[in-house]
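This report walks through a few local features of the chain. The sequence and model are shown first.

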Amino acid sequence: MRTRFDVREADADTLSSPELRPLTMVSADSHVSLPPKMYKHYVESKYHDSWSGYLDDVAIINKVVELTGYPAPEDALEVYDKRGVVSGAGEVGYFDPVWRLRHVEAEGIAAEFLHPFGPIGFVPFVDVQNSVRSHELRVAGAHAHNRFLADFCSEAPGRLLGVPLIYPWPDWEAGVADIVRARESGFRAIFPPMMPGTAPGDLPALYDGWWDPMWAACQDLGMVVHIHAGFGNPQGGVVEMVRNVFGRKENLDDPGNTGKTGLSVIDPSMLPKFDPDADPETAGTNSFLSELFETFGERRPLWQLMWGGVFDRFPGLKVAFQEIHADWVPVTLEYLERAHVANPGSMKLTPKEYWARHCACGTSLMRYGDVAVRHEVGLDKLMFGSDFPHFEGTWPNTHDWIRTTLGSVPEAEARAILGENAIEFYGLDRALLERTAKRVGPLYRELFNQEPVDPKLIRHFEFRAGINKPVNFKVDQMDQAFAEDRAGATRALAATRP
């Protein structure tokens, strides 16, 4: 039974008790993006001749966005948008920092790491959603986004934590200069290219010594390297997939695809849809969107950096795996431990030791499975992410999402996952964030109060992010990827030796 607080009995010890200390919540994974047409203001004019090609890609990718269930239909909004913040233009927070702060503070979040792209658009030329572009165009897009990011984050330094795009063109001297500028701007992490090792003649895999200037700069400057969902895909791959499904560009505006020339067409009516009245015992499958976070390419850098000697050459380097869950980590580390015992090569530490020294996981879309393995992952390695304002993220139901997935976790562990781990891992301004938390953060007992969560809302969490899905670990897929990467890493390591 809850006891009433009697302010007449308060003294300094009472007011400093943990019970009255708000949760300092930090999202390790959130997003910012301009609407596509607005990016042109940040792109150097000499690249405007390529603008129409970017807009063509946007039109194609919008087909994928529609398949994810975005924007949400009215029956779904009735379940998860009770406060009317989505329908009331809350997504303007994608690109307006004042709107952004208004909505994340309403959910008790003191600070956010801000990654690029989202359903409203993606960065010109550099993101994997674009068609294949030249190195020069890629860096032009990266610089455009970083200019916008600096403007955006200036509204709340130390709380709006941009993750700038780094692209090594025309050489690593220029790429390292961008990392230095990012650190001088107060940023704590970088977003490297997402396509390394995916296409012949493009950027080499991360185990290649070619990347050493980036690792060195990040180690020396204390910048964390983020490996985000979508990593490990070739540029142009998504565009070509959609073209193969929907046919010629001129048919993209044909709702019935009547001009198709024999190509298969995804019928949106056949995709899973959220049914707010479904029986929870017999509800259907997860959404198409939840399947997008079951990919594998984002995991490969973990063993590439181990077997490629990167973690040995740069013992102070930190890497965070963002928006790809954490449930895969224990089973993957066990696999790597067995491989290491069988053939340790020149590795100085075991895979679990490398993970403990270098890595962390930003668990946006947090599932029951992520919470269940928190001790195997490392309680200090697990970080909350709201993924604001993505449809599959926690907003605008962050408190109920936390009650659903973290409700039975002890207070010290909950505080660690929701913010303390991020503050320590990135070296954030604790005093600033704790002052902010006093203003916006919920008390532990306000959030972890055993209040029931609407079963329809829990079903929506399952639909949009698959919170009850089991870990996806396919041994055959792992065997093939690991064999390829170990062989490549062994060759690359030999090339780095004098």
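## Two cis peptide bonds

Pro170 sits in the loop that runs between strand E3 (160-162) and helix H6 (172-184). Helices (H or I, at least four residues) and strands (E, at least two) are DSSP runs, numbered from the N terminus. The bond joining Trp169 and Pro170 is a cis peptide bond, with omega about 5°.

A cis peptide bond also joins Phe388 and Pro389, where omega is about -5°. Pro389 is placed in the loop between strand E8 (382-385) and helix H16 (398-406).

## Basis of the values

This is a predicted model, in which local features need pLDDT of at least 70 and side-chain atom pairs count only at pLDDT 80 or more, while totals for chains, interfaces and linings use all residues. Residues are numbered from 1 along each chain as its sequence is written, and side-chain values use heavy atoms, leaving out hydrogens and water.

## Positive phi angles

Most residues other than glycine have a negative phi. Leu365, not a glycine, has a positive phi of about 60°. Its loop lies between strand E7 (359-364) and helix H14 (368-372). Leu365 is buried, at 1% relative accessible area; buried means under 20%, exposed over 50% and partly exposed in between (1.4 Å probe, protein chains only).

Gln450 has a positive phi of about 65° and lies in the loop between helix H19 (444-447) and helix H20 (455-465). With a relative accessible area of 69%, Gln450 is exposed.
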